[in-house]
Amino acid sequence: MGSTRRGGADLTGDERSTFGVIGVVCAVAGFFVMGFVLGPIAMVCGWLAMGRRWTGARSKAALVAVVLGAIDTVLALIWLASASGSWGLWM
């Protein structure tokens, strides 16, 4: 039988690379539009690309996706918190 971890199957190297690239693209796009949605998506894709663990070998794209996704999410939350009441967001 193939080796699977508890909680799901391992991803292949190609799948991890794909998730890393998708995460970076989402993180960069999130700086311009919908950061509160694309930031967490980038973090999840980066986390999956890292193999769901912080230790061991990981690609640079995966780490960049996690870090930029976190920055993107924080900036989006700050923007939402500082939004003026005149926009109708907090009525």
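**Reading D72 and the cysteines**

User: Which residues does D72 touch, not counting those up to four places away in sequence?

Analyst: Contact means heavy atoms within 4.5 Å. Here D72 touches C26, A27, G30, F31, G35, L38 and G39. Keep in mind that this is a predicted model, where local features need pLDDT of at least 70, side-chain atom pairs count only at pLDDT 80 or more, and totals for chains, interfaces and linings use all residues. Residues are numbered from 1 along each chain as its sequence is written, and side-chain values use heavy atoms, leaving out hydrogens and water.

User: Is D72 buried or exposed?

Analyst: Buried is under 20% relative accessible area, exposed over 50%, and partly exposed in between (1.4 Å probe, protein chains only). D72 comes out at 3%, so it counts as buried. Across the chain, 24% of the 91 residues are buried.

User: Where does D72 lie in terms of helices?

Analyst: Helices (H or I, at least four residues) and strands (E, at least two) are DSSP runs, numbered from the N terminus. D72 sits in helix α3, residues 60–81, and the chain reads β-β-α-α-α along the sequence.

User: How many disulfides does a search of the whole structure find?

Analyst: A disulfide is a covalent bond between the sulfur atoms of two cysteines. The test used is a pair of cysteine sulfur atoms within 2.5 Å, and the search finds zero.
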